[in-house]
Every structure is written in C-alpha cells, then in structure tokens.
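Please read this briefing beside the sequence and the coordinates. It goes from the arrangement of the chains to individual elements and residues.

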There are 2 protein chains.
Amino acid sequence: MQGLNGLTPEVTRALGQAAAHPSAVADSIKALHPVEAIEALNQLEPRLAAGVIEHLPEAARISLFNTPGLANSSAVMELLSHGCAGGLLAEMHPDRRAEIFRHMDKDHQEALREHLDPATRASIERIMAYPRDSAGGIMTTDFVSIPADWTVEQALAHIKDVGGARETVYAIYLMHPSDKTLQQVVSLRQLVIADRKASVLSVANNRTPITVTPETDREEVARLISRYDLLAVPVIDADRHVLGIVTVDDVIDAIVAEGTEDAQKMGGMEALDGPYMQIGFMEMIKKRGGWLAALFLSEMLTATAMQNYQSELEKAVVLTLFIPLIMSSGGNSGSQATSLIIRALALRQIKLGDWWRVAVREVPTGLALGALLGIIGIVRIVVWQKTGLFNYGDHWFLVALTVGLALIGIVTFGSLAGSMLPFALKRLGFDPASASAPFVATLVDVTGLVIYFTIAYVVLKGTLL
Amino acid sequence: MQGLNGLTPEVTRALGQAAAHPSAVADSIKALHPVEAIEALNQLEPRLAAGVIEHLPEAARISLFNTPGLANSSAVMELLSHGCAGGLLAEMHPDRRAEIFRHMDKDHQEALREHLDPATRASIERIMAYPRDSAGGIMTTDFVSIPADWTVEQALAHIKDVGGARETVYAIYLMHPSDKTLQQVVSLRQLVIADRKASVLSVANNRTPITVTPETDREEVARLISRYDLLAVPVIDADRHVLGIVTVDDVIDAIVAEGTEDAQKMGGMEALDGPYMQIGFMEMIKKRGGWLAALFLSEMLTATAMQNYQSELEKAVVLTLFIPLIMSSGGNSGSQATSLIIRALALRQIKLGDWWRVAVREVPTGLALGALLGIIGIVRIVVWQKTGLFNYGDHWFLVALTVGLALIGIVTFGSLAGSMLPFALKRLGFDPASASAPFVATLVDVTGLVIYFTIAYVVLKGTLL
C-alpha cells in the first residue's frame with residue numbers, strides 16, 4: 001500500500017532536531033501529502049509544530065490546515081504570528097477555518113479578527129452561529145452557484161474560472177435568476193456529458209433537491225447523504241437561500257466521530273473529546289469516574305436487597321454460591337438486547353413507536369435463552385452432585401431447580417429491560433447509546449436478586465427456608 | 001426536510017392492493033426518487049415486490065437495484081422472470097450486481113448465467129472471486145480510464161461520450177499507453193479547470209497515487225478514503241493493472257456496517273446479517289445463545305470459586321452482602337477500558353505495540369477510580385452502621401475496610417484486564433470488538449471473588465474468619 005509507510009528515516013531525523021532547526025523539518029515534509037506531513041507534525045509539541053509551519057511554503061501550510069487530523073490545530077494556530085495565522089485563515093476552506101477558530105481562546109480570536117477581511121469574518125461568524133454538531137456548524141460557505149437560466153457552456157466556463165479555489169465543484173447550485181433562491185442542483189457529471197448549448201436547468205433532475213436546515217443534526221445530514229448517495233447537501237434558510245453546503249468527506253468524519261461517541265457511551269462512560277493517548281489523567285478520571293460512581297451508588301441497592309434476605313442467606317448459604325452466575329447472566333442478556341436496539345434505532349431500522357413490537361419479540365427470545373441457560377445450570381449442579389465434586393446438601397435437586405427457574409426469569413427480564421431502556425432514554429430526550437452494558441447490568445442486578453430469592457422462597461419453603 | 005416525508009396516501013393505498021393490481025403500485029412509485037420507491041417496496045413481501053418491479057419502466061427498475069436498501073434484493077431478483085432479471089443485471093452497476101448475484105441461490109445463479117453476455121459474466125466472476133469484506137468484493141469494474149498521453153480536451157470528449165453509463169466519472173485513471181499499468185489519477189475537477197490543450201499527465205498531481213489490492217480489508221479501504229478525502233480508490237493487481245475502483249458511497253455503507261458489527265460484538269453477541277426486525281426467531285437465538293452459553297459456562301467458575309470459600313461464607317455471611325456490588329464494579333471499570341481501547345485500535349489511534357503504554361496509563365487510572373469507589377463504599381457502611389440502618393456485626397469497621405480495599409484491587413484489575421483484552425484478541429487474530437463488556441465482566445468476576453476473599457482473609461483473620 002502506498003502512502004502509509006510511516007515516516008522516512010530522513011523525516012524522523014529532522015523531527016529530532018525540530019527545536020534547533022525547524023526549517024530542516026519544513027524542508028523534509030513540504031513535498032509530502034498533507035496527511036503524511038500531519039503525521040510527522042503530530043510527533044511534535046504544539047510550539048515546535050508551529051515553528052516548523054512558519055517555515056513551510058504558504059500553499060503547503062494551507063493544505064495542512066485544510067486537512068483534518070492535525071493534533072491541537074487551534075493551539076498551533078494560536079502560536080503562529082498573527083500575520084501568518086491571518087493569511088492562513090483567509091485562504092482556508094471555510095468549514096475547517098470555522099472549526100479551528102471555534103476552538104481558539106477568546107483573546108486570540110479577538111486579536112486575529114483584526115487581521116481578517118470582512119468576507120472571511122462574516123463566513124466565520126455565520127458558521128460559528130450554529131452548534132458544531134449541526135449542519136450549520138459543519139457546512140462550508142464555499143460552493144459553486146450559478147443563475148438557473150445559464151447554458152451548460154456558460155456553467156462550465158464559470159467552473160473553469162472559479163473551480164480551483166472552491167472546496168468542491170461536483171455539485172452546482174442553480175439559483176432563481178431574480179430572487180436567488182435555490183431552484184435545482186446539477187452535478188458536474190451531468191454538465192460534462194450534456195450538450196453544451198442546453199440550458200443547465202434542462203440537464204438537472206426535475207425532483208425537488210434534497211436540502212437541510214442549519215439546525216439539522218449532523219447525524220441526520222450523514223444519514224441523508226449516505227441514503228441518497230450525494231456528494232454534498234445544501235443548507236438552506238427559511239427563504240430557500242443557500243447558506244452553505246455539507247460535503248461527503250465531512251460526513252464521513254461525522255459518522256466516525258458519532259460511532260466513537262456511541263462506543264464510549266455504550267461502554268459506560270462519557271464520550272472523550274480526543275484520542276485515548278491525548279486525554280490527560282484528570283480528564284480521564286472525570287469522564288470515567290462520574291459514571292462509575294453513579295453506577296456504584298445504584299448498585300448499592302444490591303447490598304440493601306441482600307440485607308433483606310439475610311435470614312434466608314444464613315439458613316441457606318448454598319444459595320449464595322450461584323449469585324454471581326445468575327446476576328451476570330441477566331446482565332449479559334440485557335447487554336445483548338440493548339446493543340441491538342441502540343444500533344437499530346441509530347440506523348432508523350426501528351422507530352420510537354416500535355417499542356411494543358420489540359417487546360413482543362424480546363419476551364419469547366428471553367424465555368428461550370433463559371431456558372437454554374437454565375438447563376445448562378441444572379445439568380451442572382446434577383453432574384457435580386452425582387460425581388461427588390461438591391455436595392449441595394440434602395435438597396440439592398430443589399437448589400438446582402431454583403437456579404434453573406431463576407435463570408429463565410432473569411434472562412427474560414434482562415432481555416426485556418435491556419431492549420426497552422434505549423427507547424425510554426430516547427423518549428426522555430437522552431442519547432439511547434447511554435444505555436450502556438453497565439447501566440443495564442445495574443438495572444437488572446437488583447431485580448435479579450429479588451427474582452432469585454422469591455423463586456428460592458417458593459421452591460425451598462419448608463425444606464431449606 | 002424534503003424527500004423524507006414518508007409515503008403519500010396515494011402510494012399507501014396502492015400498496016394495499018399490490019397483490020391484485022401490481023401495475024397500479026408501479027404507476028404510483030415510478031416517478032419517485034429510487035430511495036423512496038424502495039421505502040414503498042420494502043412494505044411488501046418479496047413476491048409482491050417482484051410483481052410490481054416487473055411493471056416498472058426499465059430505467060426505474062435499474063436505478064432501483066443500483067440503490068442500496070431494497071430488502072431481500074437477491075430474493076426479489078430470483079422471483080423476476082429470467083428475461084427481466086438478465087436485462088437488469090446487464091445494465092446494473094457492477095458492484096451492486098455482484099452483491100445481489102452473490103446472495104442468490106446456486107440454482108438461480110446457474111439459470112441466469114445463460115442470460116448474461118460474456119462481459120457481464122466476467123465482471124461478476126471477477127468481483128465474486130473476493131470476499132465481500134475486501135476491496136475486491138466491493139469494487140466496481142465500471143470506471144473511466146484513458147491513455148496517459150492524451151490531452152485534457154481528448155479526455156473531456158471521452159468522458160462526454162462514456163460518462164453517462166459509468167458509475168463515477170470524478171476520478172479518471174491514466175494508464176501507461178503501452179503496458180496499460182496505472183500511472184496517475186486525475187480528478188474531473190482538475191480536468192475541468194485545466195487548459196484544454198495541456199496533457200492530462202501535466203494536470204495530475206505528481207504524487208504516487210493511493211491504491212489498494214483486492215485483498216485489502218474494506219475497513220482499511222474506508223480508512224484510506226476518509227483519511228485522504230478521496231472520492232474513489234483504485235484496486236490494482238501485482239502488475240499495477242486496475243481491476244476496479246471502490247467509491248466513497250460504498251465506503252460510507254461499509255463504515256456504517258462495520259460500526260453495527262462492532263456494536264453488536266461489543267454487546268456480547270455475534271453480529272447479525274440484517275436489520276433487527278428482519279432476523280428470524282431461530283437465527284436470533286443462535287446469534288445470541290452461543291455467546292450467552294459460552295459466557296455462562298465461563299461464569300460457572302464463579303460458583304466453583306465460591307464453593308472454595310464456603311467455610312468463610314458460613315462464618316461471615318456479612319461478606320456475601322457486598323459480592324454483587326464489588327463484582328459489578330470490576331465489570332464496569334473493565335467495560336469502560338475495553339470500549340476505549342477497541343475504538344482507539346479501530347481508529348488506529350494506538351497500535352498493537354502500544355499495549356504497554358496503555359497498561360502504564362490504566363494502572364494508575366484504575367487505582368484512582370478504585371480509591372474513589374472504595375471511599376464511597378466505606379462511607380456507605382459507616383453511615384448505615386452509625387445510623388442504625390443495618391448492623392454489620394462487631395467487626396463492622398474491618399468489614400468496611402475489606403470492601404474498600406477489595407474495590408481498589410478489583411477496579412484496578414478490571415481496568416487493566418479490560419484494556420489488555422482487545423490487544424490480546426487482536427494479537428491472536430480475532431476482532432478486538434469481540435472483547436465485549438460481558439466477556440470482560442466474566443473475566444473479571446472470578447478474579448474479583450479471589451481478590452475479595454483474599455483481602456477478607458488478611459483483614460478479618462482472627463476476628464470473623
């Protein structure tokens with residue numbers, strides 16, 4: 001595979017001397033693909049990286065900042081001279097520019113604003129007015145739009161003139177000639193294969209174009225782009241003026257970021273803001289400790305539940321032997337159900353209103369899975385007892401029966417609770433992905449104990465209890 | 001938002017009569033965007049959907065099958081007449097065609113093969129020779145390639161001729177004029193903004209093009225396309241001949257599919273092959289029951305461990321009260337660590353060789369988190385004892401100390417084991433995402449019991465034990 005060979009020895013050597021010879025590093029990376037130049041710069045502290053960047057040719061510097069992936073890019077930008085930073089911001093893609101500007105501290109934002117021309121300033125402000133997980137917050141204001149009454153020839157000539165500077169030229173927006181509202185979208189492919197004398201409008205589809213508003217969630221934008229196989233989607237205001245466009249590469253980044261967030265939430269913690277290795281110790285403790293402590297406090301209910309059954313426990317210590325086994329089975333079946341439903345909701349395979357259809361599926365599934373584990377559990381106790389590996393007492397078969405029945409009850413409850421929790425969270429306005437395996441396990445554990453001791457009471461009453 | 005308004009009443013009405021009047025359904029959906037037509041057809045059984053499709057105009061039929069999302073598309077294709085299916089396959093995009101053909105049963109494949117022209121047959125066989133999660137298995141064989149010695153004008157004229165039929169025209173592959181190996185890639189944008197008399201080679205970048213081999217994993221392809229912001233990546237053989245290309249829209253589908261697989265594996269089950277609601281009852285039991293039973297069998301070790309501590313349990317029933325609490329904390333901290341590392345490995349933020357750097361981070365993190373929970377646990381016991389909510393016996397403070405120390409040990413062990421498991425799985429050639437929260441919890445539970453009883457033995461020896 002080309003282009004992913006890691007850093008050459010020459011670059012590695014130059015990086016070692018970055019503090020003393022920043023221009024040597026700049027020389028060794030200036031011809032690299034920006035992705036690889038970024039890989040090299042990410043080995044350096046922000047201060048050293050900024051030093052190297054000051055020595056790069058302007059074109060290399062711009063494509064470096066236009067490519068996502070530079071670690072601490074806002075901090076690096078803050079460390080550049082104002083002249084250098086201002087020049088860069090003026091030439092960068094508007095979406096990346098706003099993203100980097102958004103994460104700079106207030107003082108640097110103020111200082112830099114003076115170095116920016118009014119158009120650049122306006123573009124930054126327009127994008128920063130929207131949250132960064134909305135269409136408005138990730139759009140670029142740099143797109144090709146032409147009057148809808150042009151010919152294909154005029155359109156292609158215009159693209160030839162301005163296309164080099166635009167972020168994408170593959171979707172061209174046709175505006176109503178007088179009121180400048182969005183009328184149609186035409187792809188560069190449609191223009192290139194069309195008769196040059198035809199009108200651009202005749203070349204476009206006659207379907208209503210797919211559009212989003214600036215407030216549309218980036219996950220929804222991603223879903224639309226992927227569903228309709230688009231290269232970009234226009235962001236329009238209430239009057240159908242195009243504010244900007246969101247391109248497919250931004251959407252891939254958004255899908256990957258959402259996937260990471262979901263995976264971390266499903267693991268029972270707050271989503272991190274950066275790569276694992278770049279998160280500080282205290283922040284890591286905060287992101288993990290909060291959920292861990294909350295789960296611990298809820299899980300304390302298990303101790304309370306156990307305290308209520310203390311007399312049963314003293315009479316029948318044999319029951320305690322199976323508590324971890326039974327509780328974990330409830331948690332595991334709940335974790336399966338919850339991860340299935342989180343993902344199905346995220347992909348819109350099921351809707352909020354489908355909760356009862358899911359419940360109707362999960363109860364028989366849980367019963368069948370519980371019966372499977374129950375049989376294995378009973379066989380285990382019978383085999384240990386009969387082969388003399390362990391003596392579960394005179395009433396060993398009733399103990400086995402208790403364990404088997406408890407497993408059916410707990411696995412069914414786990415599957416049902418695990419599948420309903422994401423719906424409940426979504427209904428309450430939370431992210432369904434917060435229905436982590438640990439959350440479900442905690443929910444199921446207390447009920448699991450109650451189910452176990454209730455069944456034990458019924459089965460063993462008059463014998464052990 | 002346009003285009004996602006669901007089905008119109010007219011379409012819904014027609015769908016209700018699909019069995020009697022398939023042509024009425026065809027009339028009501030033929031002008032829709034293929035994505036919406038698919039939404040309507042997905043409401044029908046495969047047999048009825050096939051009946052409607054036979055009544056659609058050919059162009060609508062082709063774009064329907066070219067768009068991903070038609071439920072049971074291979075089954076629907078099997079139900080079409082051979083003439084209709086053969087015509088469709090001949091005109092479809094090669095990647096979608098191979099995908100649908102791959103999932104048809106052997107008899108239908110054989111029967112249809114006779115209706116296909118040799119070029120279509122060769123393309124299907126070329127793609128089906130590779131697994132469907134590799135670049136070769138998702139590539140399209142339909143791309144634009146031209147001799148590298150052409151001018152921009154020749155290239156544009158060629159694209160105008162052939163571009164309508166090609167799946168994408170945004171990346172154009174420049175072949176060595178004599179040996180037909182890949183020399184360079186040029187984008188349609190570069191051609192459109194270039195001087196028409198220039199040579200195509202002078203317009204392209206002079207970097208080595210990013211390429212993959214047919215065996216490259218689709219996840220790796222997705223990572224490359226997203227990293228380098230490409231619209232397509234060429235798949236080349238050992239002689240640098242281009243076999244096909246993978247386009248960005250296929251990659252989005254691949255990223256989403258991988259995310260679903262990972263989420264399901266992380267939930268402790270086998271990945272499903274389809275949407276939640278479309279999986280049959282028995283298949284669901286199989287996908288979930290296998291892992292659940294395996295986890296249950298491993299978790300039985302907890303019963304064995306408990307049996308070993310039976311005499312301690314009889315002497316100090318008070319210790320059992322905290323078993324669920326302590327075990328779940330180990331599982332929760334392990335689940336956090338494992339989901340962090342699975343995701344960081346998937347995004348290549350860390351490499352296999354980084355395991356010791358992760359271990360060095362996780363041990364202090366685990367100690368700090370364990371101390372946090374330990375303090376909460378001790379406070380809980382002290383408060384309950386002092387306020388008379390529960391009596392933990394004469395040695396209540398030693399019990400509290402046991403719980404606190406055990407939590408430190410178990411949370412540290414959980415964080416370490418949870419973070420190392422994905423590395424171990426990856427090293428052994430398994431998917432790190434299989435290190436599910438349930439898997440980690442099971443791993444941690446047995447050790448957790450041993451840690452708890454060992455600490456209890458040391459702290460309580462001579463008093464309770």
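What follows describes a predicted model, grouped by topic.

**Relation between the chains and domain layout**

- Chain A is superposed on chain B by a rotation of 180° with 0.1 Å of shift along its axis, and the RMSD of this superposition is 0.2 Å; the two copies are thus related as by a two-fold rotation axis.
- Both copies use the same surface, since 99% of the contact residues of chain A recur in chain B.
- Within chain A, the domain assignment gives domain 1 (9-129), domain 2 (144-249) and domain 3 (276-460), and the centres of domain 1 of chain A and domain 3 of chain A, taken over C-alpha atoms, are separated by 51 Å.

**Nonpolar cores**

- The largest nonpolar core holds 154 residues, of which Leu191(A), Val246(A), Leu191(B) and Val246(B) touch the most other members.
- When neighbours within four places in sequence are left aside, the contacts of Val246(A) are Ala135(A), Ile138(A), Met139(A), Val221(A), Ala232(A), Val233(A), Val235(A) and Val251(A).

**Helix H3 of chain A**

- Helix H3 (residues 34-41) of chain A is largely enclosed by the rest of the structure, because 6 of its 8 residues are buried.
- These buried residues of H3(A) are Pro34(A), Glu36(A), Ala37(A), Ile38(A), Ala40(A) and Leu41(A), and in chain A they pack against helix H1 (9-16), helix H2 (22-29), helix H4 (46-54) and H5.

- The pairing of E4(B) with strand E5 (residues 242-247) of chain B is antiparallel and extends over 5 bridges, with Ile236(B) standing opposite Val242(B) in E5(B).
- E4(B) and E5(B) form a hairpin with 5 residues between them, and Arg240(B) in the turn has a positive phi of about 65°.

**Hairpin E2–E3 in chain B**

- Strand E2 (residues 171-175) and strand E3 (residues 182-187) of chain B run antiparallel and are joined by 5 bridges, and Tyr173(B) has Val185(B) in E3(B) as its bridge partner.
- The hairpin formed by E2(B) and E3(B) has 6 residues between the strands, and Lys180(B) in the turn has a positive phi of about 60°.

**Positive phi values in loops**

- Most residues other than glycine have a negative phi, and most peptide bonds are trans.
- Asn72(A), a residue other than glycine, has a positive phi near 50°; Asn72(A) lies in the loop between helix H5 (58-66) and helix H6 (73-79) of chain A.
- Asn72(A) has 17 other C-beta atoms within 10 Å and is therefore partly exposed, given that the partly exposed class lies between 12 or fewer such atoms for an exposed residue and 20 or more for a buried one.
- Asp229(B), also a residue other than glycine, has a positive phi near 50°, and its position is in the loop between helix H15 (218-227) and strand E4 (232-236) of chain B.
- Asp229(B) is likewise partly exposed, because 18 other C-beta atoms lie within 10 Å.

Terms used:
Residues are numbered from 1 along each chain as its sequence is written. Chains are lettered from A and ligands numbered from 1 in the order in which they are written. This is a predicted model: local features need pLDDT of at least 70, side-chain atom pairs count only at pLDDT 80 or more; totals for chains, interfaces and linings use all residues. Copies are superposed by least squares on the C-alpha atoms of residues with pLDDT of at least 70 in both. Two residues are in contact if their C-beta atoms, placed from the backbone, lie within 7 Å. Domain bounds come from an automatic or database domain assignment. Helices (H or I, at least four residues) and strands (E, at least two) are DSSP runs, numbered from the N terminus. A nonpolar core is a set of buried Ala, Val, Leu, Ile, Met, Phe, Trp, Tyr and Cys residues joined through C-beta atoms within 7 Å. Two strands pair if DSSP finds at least two bridges between them.
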